[in-house]
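Subject: Structure handover

Hello,

Here is the structure I promised to pass on. Please open it alongside this note.

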Amino acid sequence: MFSKFTSILQHAVEALAPSLPLQEDFVYHWKAITHYYIETSDDKAPVTDTNIPSHLEQMLDILVQEENERESGETGPCMEYLLHHKILETLYTLGKADCPPGMKQQVLAFYTKLLGRIRQPLLPHINVHRPVQKLIRLCGEVLATPTENEEIQFLCIVCAKLKQDPYLVNFFLESKLKAMASQGSASVLTEDMIKDQDSVATDTGQPVQPEEMPSAAGVEHMEREDELPQQADDLSFSLDELNVTSSPESSTVCPNQDYNLVNSLLNLTKSPDGRIAVKACEGLMLLVSLPEPAAAKCLTQSTCLCELLTDRLATLYKALPQSLDPLDIETVEAINWGLDSYSHKEDASAFPGKRALISFLSWFDYCDQLIKEAQKMTAVAMAKAVRERFFIDVMEPQLMQTSEIGILTSTALLHRVVRQVTSDVLLQELVYFILGEHRDPETLADINRHPLRHRLIEHCDHISDEISIMTLRMFEHLLQKPNEHILYNLVLRNLEERNYMEYKPLSQEDKDVVENGQIAGAVDLEEDPLFTDLSPDNTLSAQEWLSASPSVSPEHPKNDGKTEVHKIVNSFLCLVPDEAKSSYHVEGTGYDTYLRDAHRQFRDYCVICLRWEWPSSPKSLEKCNFEASFFEGHFLKVLFERMGRILDQPYDVNLQVTSVLSKLSLFPHPHIHEYLLDPYVNLASGCKSLFSVIVRVVGDLMVRIQRIPDFTPKLLLVRKRLLGLEPEGPIIDHMTLLEGVIVLEEFCKELAAIAFVKYHTSATP
């Protein structure tokens with residue numbers, strides 16, 4: 001109370017006193033601070049019981065006023081005095097000693113306000129960035145200290161200044177030699193000031209030699225320079241009495257101490273105060289985005305940033321329960337790293353492990369955003385660290401285990417990570433982790449070359465339907481990511497040479513046939529006994545095709561080398577025989593319902609694939625290598641096998657298998673279109689395509705239909721139940737087969753819609 005009264009009285013006296021020139025007023029306040037250390041004998045009283053905070057605030061106000069009264073960029077005498085007399089160095093030493101108690105907070109606040117309120121660039125001055133660098137080292141030394149809030153505010157203002165002028169970061173990249181020299185340079189404040197080793201250039205550009213430098217006190221008026229040495233001796237003695245010393249730190253400098261701004265922020269990210277941790281993360285976000293190559297190199301090679309990111313990811317992942325419901329993992333609310341606040345009591349949808357799951361996903365989101373914003377060199381280094389230290393070391397053993405519960409949980413977490421990643425660089429490392437980096441065609445002998453890829457693809461056909469569905473969902477989302485290697489590794493590398501086709505060099509007679517608009521060796525499926533039961537409901541009329549198909553123009557002649565699209569569409573629509581169809585009995589389930597979705601999805605895929613510069617037409621057959629035997633690849637092999645069992649698999653599994661195949665069919669690559677969507681491709685001996693797999697399923701279906709009494713009414717009832725048009729009733733025999741038939745019919749309609757949309761889009765100028 002007495003100190004507050006004294007402060008009020010002092011302000012009143014200053015208000016009544018004649019106005020002094022700003023510089024004299026500034027020096028007066030600084031002198032008042034230093035006199036405290038010369039005259040006081042009580043080093044236990046807190047700083048708030050003194051006038052020091054008031055004097056520091058007055059000094060700041062004077063500096064701001066001086067800048068406002070001068071032209072932009074011009075340094076006034078008060079600022080020159082602060083720089084010339086190394087006031088910031090003196091304050092740093094007082095703050096480090098925290099004498100009187102609480103002085104560190106005051107010094108941090110002064111630095112923060114000085115950098116934030118003064119518009120002219122201060123950090124380029126050696127007498128600013130050097131003490132700032134020293135003060136940075138004091139931040140984050142101990143967690144949960146009373147000064148944490150001031151520390152993070154100070155560090156963040158420095159980061160903001162560096163973001164404005166990135167080249168300034170070079171002042172904060174200390175070499176080991178300089179760091180060692182500065183650590184043991186001075187043990188007492190006055191020695192550091194008086195015996196300065198370097199010649200310091202003042203704002204006027206004139207170097208001041210060591211013997212001409214002002215003493216540490218720097219508080220007397222300029223005209224009383226002769227008294228300064230005595231003042232310095234008195235202040236030195238007083239500081240010794242109060243134990244205000246710069247105790248030398250260890251002369252051994254760890255390689256991770258070159259970029260102290262980063263290290264201090266890294267320490268504060270571990271703060272138990274969530275607000276402090278988030279602010280520290282924001283500061284790191286600013287630093288990693290700086291374009292300076294030297295800073296990027298130092299950040300990745302001389303700090304523990306990568307280790308902190310990955311170690312915390314690993315710790316949070318290992319803290320998750322061994323068993324989590326995949327639905328909980330998938331549906332937990334969208335995670336934003338800066339809003340990781342969760343109250344179990346307020347959550348109506350809480351489940352065991354939700355707090356731990358949110359913490360993990362939140363930190364992964366931060367790593368993802370950090371890599372996304374980072375300078376390229378920094379981003380690559382951080383992403384590689386995440387792959388090596390987290391994906392491979394922590395996630396892979398969980399994905400490779402044999403426990404079904406463990407496999408399901410770890411695959412669901414991988415699926416969530418795939419969905420959540422947005423950084424291209426981190427996505428690349430995630431893709432390499434899952435699929436490997438191989439780009440040469442697969443063979444049956446080497447499908448186990450990348451063990452994790454092999455295991456995950458095998459899990460698409462796991463004995464546990466839950467594991468199969470979750471793994472298929474993961475691959476479905478992976479295919480939608482903007483990374484060319486995903487599709488190439490899974491599918492395209494095996495279709496490059498088009499050796500799924502039976503190729504015979506054309507004779508002159510064959511060439512004449514091709515010129516007449518037909519494909520040599522192609523089978524007309526409409527003449528096949530399987531397709532003789534075409535009904536008006538199954539096909540599109542000639543008038544519908546004329547209105548729906550693109551018009552023939554000189555730029556887009558009808559004979560463009562592609563199988564006529566209406567034949568392809570009708571081939572898919574007619575695959576399922578009439579007695580196995582039920583959609584035409586239910587309104588709003590026709591083929592046209594798929595066209596709009598197919599058009600939207602294909603447009604989205606085209607946008608993703610545009611930068612990959614795929615060819616618009618298949619590779620010339622003359623340039624293809626037909627000597628190598630064709631293998632569709634492990635991924636398509638498993639998908640085709642599951643498709644072949646569509647009549648005997650659960651409904652949910654069938655939905656997921658067909659969903660992945662339809663996503664593959666949407667890609668605008670000519671080889672994918674040819675292999676998956678063209679029924680008229682003349683397959684080489686022993687090869688199978690999506691169409692040939694469906695044909696075999698339909699052949700099996702036609703045999704099995706004969707054994708099921710009242711097949712069509714039962715099929716219609718099952719469809720209505722699936723659509724919610726009929727209430728659940730008694731169990732129907734052959735339910736799995738009936739549901740499989742319905743999925744098969746819908747899948748064929750979807751493929752027909754995709755084929756039509758892809759043709760229409762490619763033919764539209």
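Below is what was found in it, region by region.

This is a predicted model, in which local features need pLDDT of at least 70, side-chain atom pairs count only at pLDDT 80 or more, and totals for chains, interfaces and linings use all residues. Residues are numbered from 1 along each chain as its sequence is written, and side-chain values use heavy atoms, with hydrogens and water left out.

Overall picture

The protein has 33 helices and two strands. Both are DSSP runs numbered from the N terminus: helices are H or I with at least four residues, strands are E with at least two. Of its 765 residues, 51% count as buried. Buried means under 20% relative accessible area, exposed over 50%, and partly exposed in between, with a 1.4 Å probe and protein chains only. Take the contacts with a separation of 6 or more: residues 24 or more positions apart account for 79% of them. Contact means heavy atoms within 4.5 Å.

Around α5

Start at the loop between α4 (77–84) and α5, where lysine 86 is found. Its phi is positive, near 55 degrees, in a residue other than glycine. Lysine 86 counts as buried because its relative accessibility is 3%.

Helix α5 (residues 87–97) is mostly covered, with nine of its 11 residues buried. Among them are Ile87, Glu89, Tyr92 and Gly95.

Aspartate 98 follows α5. It sits in the loop between α5 and α6. Aspartate 98 has a relative accessible area of 32%, so it is partly exposed. Proline 100 lies in the loop between α5 and α6. A cis peptide bond joins cysteine 99 to proline 100, with omega about -5 degrees.

Helix pairs

α3 and helix α6 (residues 103–117) pack at about 10 degrees, with their axes 11 Å apart. Axes are lines fitted to C-alpha atoms, for helices over the stretch in contact, and angles run from 0 to 180 degrees between N-to-C directions. The angle makes α3 roughly parallel to α6. Angles under 35 degrees count as roughly parallel, over 145 as roughly antiparallel, 65 to 115 as roughly perpendicular and the rest as oblique. The α3 side of the contact includes Ile52, Leu56, Leu60 and Glu67, and the α6 side includes Met103, Phe110 and Arg117. By class, the residues of this contact are 10 nonpolar, one polar and five charged. Ala, Val, Leu, Ile, Met, Phe, Trp, Tyr, Cys and Pro count as nonpolar; Asp, Glu, Lys and Arg as charged; the others, Gly among them, as polar.

Histidine 55 lies in α3 (residues 52–69). It is buried, at 5% relative accessible area. Its side chain makes a polar contact of 3.0 Å with that of histidine 29. A polar contact is a pair of N or O atoms within 3.5 Å; within protein, one must be able to donate a hydrogen and the other to accept it, and residues adjacent in sequence count only if both atoms are side-chain atoms.

Helix α14 (residues 293–301) packs on helix α18 (residues 376–399) at about 15 degrees, axes 8 Å apart. That makes α14 roughly parallel to α18.

Proline 670

Proline 670 lies in helix α30 (residues 670–677). It is buried, at 11% relative accessible area. Beyond its neighbours within four places in sequence, it contacts Pro615, Ser616, Ser617 and Pro618.

Best wishes
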